[in-house]
Each structure stands twice: as C-alpha cells, then as structure tokens.
Amino acid sequence: MFQALQRRSSKLCVLRYATRQTTNAFNTRHYGSSNKGSKDDTTSSTDLSDQVEANKDNPISRTLKLLGSDVQRVKKFILPRNLRGSEQNSSSSQSIENYLEKYRRDEFQTHCDILVIGGGGVGSSIAYWLKKRARDGLNVVVVEKDSTYAEASTCLSVGGLRQQFSIVENIQMSLFGADFMRNSKDYLGEDVDLNFTPHGYLLLASEAGAEQLEQNSKLQCALGAKNELLTASKLKQRFPWMNTEGIALGCHGLEKEGWFDPWALLSGFRKRAIEYGAHYVEGEMVGFGFQQQPDIMAEGIEEGSYEGINRAFVKMKDGEMREIKFAIAVIAAGAQSGAIARMAKIGTGKGMLSIPLPVEPRKRFVYVFQCENDQGPGINTPLTIDPSGTYFRRDGLGGNYLGGKSPLPGEEPPVDNLDVDHGFFDKTVWPNLAQLVPNFEAIKVKNSWAGYYEFNTFDENGIVGPHPYYNNLYIATGFSGHGIQQTPAVGRAVSEMIIDGGFRSVDLTRFGFDRIIIDQPMYEANIF
C-alpha cells in the first residue's frame, strides 16, 4: 500500500534513491520542536527526547505491563478482587482510580501506521474513512489537544452547506457533502442526527457581480447542483421582506443546500472512527523527531543531508512527554496547522522547506439576534448573503436569527482570545442587515460567540495532498470557512491517497501544496 506513495513524484521535487550510505549515518536521529530556526534548537530538541526517555520503564517492567494489559482485555477489564466493593472508602477509591489510570496508560500507542494531528471535523473524518476502509489493516492514532472541543472551529461554525462556488473541486466536494448528509445514518449510524435544515442559500449580487453569479450558477448546475437565478423583481415577489435596492440578481439553491449541526457531524465521525479501531490521544503536539536518510536526494538539499520525520512528541494533560512513531503523518490541525508545520521545519528550512504552510487563525464573530415583534423573514428563509458578504439565517423556531460578516483585511481582530467585539456588529453588520431587511432596523442581540477560521493567506482555499519534500507527510487544512461542509469529501480523499496511492473520487490534485511553490493561486470568484 505504501509503495504507491513512494512512487509518487512531482515537477518540483523529485526524490530519487541513491547508493545507501553507512548504517550509522542512516540511523542518526534528530528532534525538532516548535522553535525551529533558533540557535537553541539542539538543546530544546534534546530536552524533548530526554523527557520521553525519562518516562520509559525498564524492559522487564514494560513487558509485565503489556502482558497485564493483554490479560485485562481478555477479562474485559475486571478489577482486582481487593478493589471490588470498596467504593465507599476514599483510599480504596483512589486505588481504583490509580489502577484505571495505569490501564489507560498501557493503552497509549507508541507506534502507529497513520498519525492524524488534529481531531476536529477534518481530522476525525480522515480517521473515520481510513478505519472504515482498512479496519484492522491500519493502526490510526489521532492527537487532539482538547477533547471538549471548546475552541474548535468545527463546533463554533454556523454549519452551512452549499454548492454555490466557482471552482469545480469545491462544488464537487460540497455535492458529496450533501449526499453524505442525506444518507448520514447509512454512514454514521442511526444514533447520529445531523438536523439538516434544507432551506438553501441565497447569494445576492449587485450589477457589477451579476454576470459572474450567472456564470457560477451555470457551472454548478452542470455539475449536479440545482439552483435558480432571480432578478430583482422576482426576488421581491419570492421574498417580500427584502429591499432589492442595489440588488441586480440572486442565486437561490433549491436542493442540497442548507445548514446542519456541526457538533453532531464531528461526534459522529469520532464515534464511528473509535468504534472501527482508531485511537484518540488527548495531548498537545509539541514537536517532530527527524531521522537522517542520506540515500534520499531532494532539490535544494545538499547530497547526503536529507532528513525525514518519523516520530511526534506529545505533551499529555498531566505534563508528561510521550513519543509516537509513525509511518505517515497528516496535518489536519485547523487554524493551528501552520504552527504544526513549522515544527517539521516547513517554512524555516532550506530549499522547499523554506516555503511555509500559509495557514493561520483568523477570528470571526457570530451574533444571535431577535427581530421586534417577530416581524422578520419566515422560518423557510434561506441563508442569505448580500453583496458585501454580510449573512443571516433563521436559528431554530424561537424567532432567533444569526448573522455576521468577515472583516476587511485592515480590520482583522487579534486572535489571542475569543472575545466578541459587539462594536463590530453595531458599526458593520447591523447597517448591512437593516439595508437588506428593513424590519431588521429593530433587532436586539441575544447571544454571540467567536471562532477561528483556518485561514489560507495564499488563496483562501483548502490545501490537500502530500508535502513535496516529505514523502510521508500529508496536509488537509486551510479551508477558510468552508471546511465543515467539505469534511466528508476531504476525509475520503486523504484515505484514497494513503490507501490507493491517489485520488479515486474527487480529484483534488490542484489543491495540493505545489500550487503554493509555483505561485498559482486558485481564487473563488464572487464567493464569500
């Protein structure tokens, strides 16, 4: 299976195998952490390695632990006799907890076939598809720093699904997303309800953007989407709550569009992945381990000096440093993917490693509001986006709406916290809402939250595929606000690359890292 990956070559980086050097040189190992490029790299990397070594047991103790773990699995985890029925005693309860903790520690996967870094929507989808297809054939480990997902982009999104894009691959991924939603119980089980609301999207364009909107609609429908174009007069007839001043054309999705519960989707992916055998580790990724491979040559790298990655350092919740050796790693860490890539010297190394992964967190606000006397648009209102990018939709049956807008480049808020700027609503969002929907002149904000976009600063589209330098590192990130609806397709695509050696359903070759190296951005046209 992995031979297909090693046969891969690209125009930009041809990895070719030369005469094997000495065994000692081949086995030289180095360790890397998040502070690459400084003079203290060696010291900090050694610290990581030393911390891992300090946590290891002696061989006899470790063997006994593994044997004990096997016995426990056979007995379906029966507690020792001396701990049964002792819950009332505090010291006994503590002993039970210590015993359970020892068992959990023995379950830690020190080696795996696939390491997925990030357990949000994209990472959990990757784990789900890999284990759905391979089951016992692949050992998959997912590292997620926060199992509560309190600040995860997936859970803080508005859960939109649409095919109204201008790039073929984005349309195809969202079409599969719609199929996945429609058949979610076949994929994720009867116990998962995504609460899909099929009220569609309504994208509005001014005179300047009308022609592009029409072209986009033709492409979308040709690929299998179903939408209609509405002139200003038809928009007014269909949606009498709308002020069509300055609106020349609207594109209304009739099928396969709407919104869903992103937390339910994430939970479904994760639950099924674990059920199929994936291992989730709650810990923070802090660095990679490197291994010299002098028999590999790469463009821009001195002969004999190629270093590959083969291990990850993970800081557990209790502060303990653990090591996971892997055959293949996937960076799917959402807004933190750029920082994870730097741990692998991407953006700080030589040659192709000098080019960073252009993904960083960008904060976005979502506001929940009510319209006075519930005089706003009805419950079947589509998610509506005006020419400025301001959007709104109904939120449940209680008369609530939610809405927001991405700030202009010069207005980007700081990302060191998730505090909400209510002044942004008053100055920027509300005036646009009231212009489009006159009844929104009298609204009251009831709730709000902020979340992070995994923003691709290069072209605001996903980056999916192998890294051109490392032959065992894949990337799935940078979806810039569109990721949650594309998680089913992206997870499937990554599983195809790893298991089949290439894309088998939606060809995402153009979304690869290579486009960044050769400076060929893929911009969406007239899309927010």
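I began with Arg515, which is buried, with a relative accessible area of 5%; I take buried as under 20% relative accessible area, exposed as over 50% and partly exposed as in between, with a 1.4 Å probe and protein chains only. The model is predicted, so I noted that local features need pLDDT of at least 70 and side-chain atom pairs count only at pLDDT 80 or more, while totals for chains, interfaces and linings use all residues. Residues are numbered from 1 along each chain as its sequence is written, and side-chain values use heavy atoms, with hydrogens and water left out.

**Entry 1: salt bridges**

I looked up the partner of Arg515 and found a salt bridge with Asp459, the closest N and O atoms being 2.7 Å apart. A salt bridge is a side-chain nitrogen of Lys or Arg within 4 Å of a carboxyl oxygen of Asp or Glu. Arg515 lies in helix H15 (residues 514-517) and Asp459 in the loop between S18 and strand S19 (463-466), so this pair ties together parts that are 56 residues apart in sequence. Helices (H or I, at least four residues) and strands (E, at least two) are DSSP runs, numbered from the N terminus. Asp459 is also buried, at 3% relative accessible area.

How many salt bridges does the structure hold? I recorded 17. One of them joins Arg272 to Asp191, with 3.1 Å between the closest N and O atoms. Arg272 belongs to helix H11 (residues 262-276) and Asp191 to the loop between helix H8 (184-188) and S6, so the pair links parts 81 residues apart in sequence. Arg272 is buried at 7% relative accessibility, whereas Asp191 is partly exposed at 47%. I also noted a network of salt bridges that links Asp191, Lys271, Arg272 and Glu275.

**Entry 2: helix H13**

The 15 residues of H13 should span 21 Å, and the end C-alpha atoms are 20 Å apart, which agrees. I found a kink of about 40 degrees at Val429, shortly before the proline Pro431; the bend is the angle between axes fitted to the seven residues ending at a residue and the seven starting there.

Which residues of H13 are buried? They are Phe424, Phe425, Thr428, Val429, Leu433, Ala434 and Leu436. Their cover includes strand S14 (359-371), strand S17 (400-404) and strand S18 (443-456), with contact meaning heavy atoms within 4.5 Å.

Gly403 is located in strand S17 and is buried at 0% relative accessibility. The C-alpha atoms of Gly403 and Phe365 are 8.6 Å apart, although 38 residues separate the two along the chain.

Gln485 lies in helix H14 (residues 483-500) and is buried, at 2% relative accessible area. A polar atom of the Gln485 side chain lies 2.9 Å from the backbone nitrogen of Arg162. Leaving aside neighbours within four places in sequence, the contacts of Gln485 include Leu161, Phe165, Met173 and Phe260.

**Entry 3: cysteines**

I then looked for disulfides, each a pair of cysteine sulfur atoms within 2.5 Å, and the count was zero. Cys112 is buried at 7% relative accessibility, and Cys155 is partly exposed at 24%.

Notes
Polar contact = N/O pair within 3.5 Å; in protein donor to acceptor, adjacent residues only side chain to side chain. Expected span 1.5 Å × (residues − 1).
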